[in-house]
Amino acid sequence: MSHPIKAEQGRPVGTFALARAPEQVASWEWCPDGLFTVGLLPALELAEQMVAVLAEHRLLVPSVLEWHWYSVGQGGVGVTTRLPLLTPSVGGAEMARRVLGCRPVAFPTAQPADILVVGHGEWLDEGGRAHQVRRLVELTVTPDELGPCAELAVFHDIWGECDFQGHPHPELHQRNAPRLATALRALDDTLHVACAPGEPTYFGRAEGYSVAPPDLIDGLGPDLTDRL
C-alpha cells in the first residue's frame with residue numbers, strides 16, 4: 001500500500017476549481033461470489049483488498065469508516081457511526097471488533113449496513129500537476145447475506161469528457177480518466193470478477209471502465225449546473 005497522501009481540499013488550479021456533484025457521475029459494482037464468506041469480517045477483507053489497489057493508483061488512501069446501523073426485521077435504526085482509522089488498514093479481526101464495539105447501546109442487536117471508506121485521492125490538472133482532495137472516489141462495501149458486495153463511485157467532472165457546464169476539457173479528461181480505468185481493471189483482476197455498471201444518475205453513468213460520453217450539440221454537452 002502506498003504512503004498516506006497529504007490533503008489539499010478543493011484547491012483551485014488557474015481558473016478551474018474542482019466541482020463535485022451531489023450524486024454519482026458514475027459507479028461500478030462487484031459481487032465476487034465464492035471469494036469471500038458471509039459477515040462483517042469478509043466485507044472488511046474485501047475493502048482491504050480494494051483499498052490496496054486504489055491506494056497504489058493514488059485514488060484512495062483511507063482515513064475514516066462511516067456506516068449506518070440496522071436491525072433485522074426493523075430496518076435502519078437512525079444511527080450513523082464515523083470511525084477514524086488508526087492506520088491505513090481497514091481489514092482484520094481487530095477492525096471488525098472496533099466496528100462492532102461502536103454498536104449503539106439502545107439497539108443491542110444492530111448490525112452495520114453499507115460501510116463507506118472515506119479518504120483522500122490524487123487528481124491531475126491540465127499541466128499534469130498532482131493535487132489531493134477528500135472523497136475523490138468513494139468505496140462502499142456491504143456485508144450481504146450472500147457474501148459481500150462493493151461499489152466504487154466518482155462524483156467529479158474530471159473523469160468525463162465535459163465539465164458540468166458542458167464544455168469539453170480534453171486535457172483534464174486525458175490526465176485522469178485513464179488512471180481510473182486502469183484502477184478498475186486492476187480491481188477486476190484482484191477480485192476475479194468483472195465490474196458491472198451502477199445505476200445512472202442525472203450527472204452521468206458508467207460505460208465500460210469510463211464515464212459514458214455525453215451527447216454533444218454544437219460541440220457542447222449538457223449543462224448540469226442547475227443541480228450542483
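Two strands count as paired if DSSP finds at least two bridges between them. Keep that in mind for the exercises below, and remember that you're working with a predicted model.

**Exercise 1. Which strands pair with β2, and which way do they run?**

Step 1: Find β2, which covers residues 61-71.
Step 2: Look across to β4 (residues 111-124), where 8 bridges join the two strands. The cut-off is at least two bridges, so β2 and β4 pair. They run antiparallel, and Glu66 stands opposite Leu116 in β4.
Step 3: Now try β3 (residues 75-84), joined to β2 by 7 bridges, again antiparallel. Here Ser71 stands opposite Gly75 in β3.
Step 4: Check the turn. The hairpin of β2 and β3 has 3 residues between the strands, and Gly73 takes a positive phi near 85° there.
Step 5: Ask how covered β2 is: 8 of its 11 residues are buried, making the strand mostly covered.

**Exercise 2. Sort Thr140 and His192: buried or exposed?**

Step 1: Thr140 is found in strand β6 (residues 137-142), while His192 is in the loop between α3 and β8.
Step 2: Compare Thr140 with the cut-off. Its relative accessible area is 15%, and buried means under 20%, so Thr140 is buried.
Step 3: At 65% relative accessibility, with exposed meaning over 50%, His192 counts as exposed.
Step 4: See what surrounds Thr140. Leaving aside neighbours within four places in sequence, Thr140 is in contact with Asp114, Ile115, Leu116, Cys149, Ala150 and Glu151.

**Exercise 3. Which residues have the most contacts inside the largest nonpolar core?**

Step 1: Start with a general idea: in soluble globular proteins, nonpolar side chains tend to be buried together.
Step 2: Go to the core itself. The largest one has 54 residues, and Trp28, Trp30, Leu65, Leu139 and Leu152 have the most contacts inside it. Helix α1 (residues 40-56) gives the largest share, with 8 residues.
Step 3: Zoom in on Leu139. Skipping residues up to four places away in sequence, Leu139 touches Ala47, Met50, Val51 and Leu54, among others. Its list also includes Ile115, Leu116 and Leu152.

**Exercise 4. How many aromatic pairs are there, and what sits over the rings of Phe155 and Tyr202?**

Step 1: The count comes to 3 aromatic pairs. One of them is Trp67 with Trp69, 5.9 Å centre to centre and with 65° between the planes. Over 60 degrees counts as edge-to-face, so that's the label for this pair. Both tryptophans, Trp67 and Trp69, are buried.
Step 2: Phe164 and Phe203 also pair edge-to-face, at 5.8 Å and 75°. This pair links distant parts of the chain, 39 residues apart: Phe164 is in the loop between β7 and α3, Phe203 in the loop between β8 and β9. Both Phe164 and Phe203 are buried, and together with Tyr202 they form one aromatic cluster.
Step 3: Turn to the charges. The charged end of Arg227 sits over the ring of Tyr202, 3.8 Å from its centre. Over the ring of Phe155 you'll find the charged end of Arg20, at 4.2 Å.

Key:
Residues numbered from 1 in each chain as written. Predicted model: local features only at pLDDT ≥ 70, side-chain atom pairs only at ≥ 80, totals over all residues. Heavy atoms only, no water. Phe/Tyr/Trp six-rings, centres within 6.5 Å; stacked < 30°, edge-to-face > 60°. Buried < 20%, exposed > 50% of the residue type's maximum accessible area, 1.4 Å probe, protein only. Helix = DSSP H or I, 4+ residues; strand = E, 2+ residues; numbered from the N terminus. Lys NZ or Arg CZ within 6 Å of the ring centre and 35° of its normal. Core = buried A, V, L, I, M, F, W, Y, C linked by side-chain atoms within 4.5 Å. Contact = heavy atoms within 4.5 Å.
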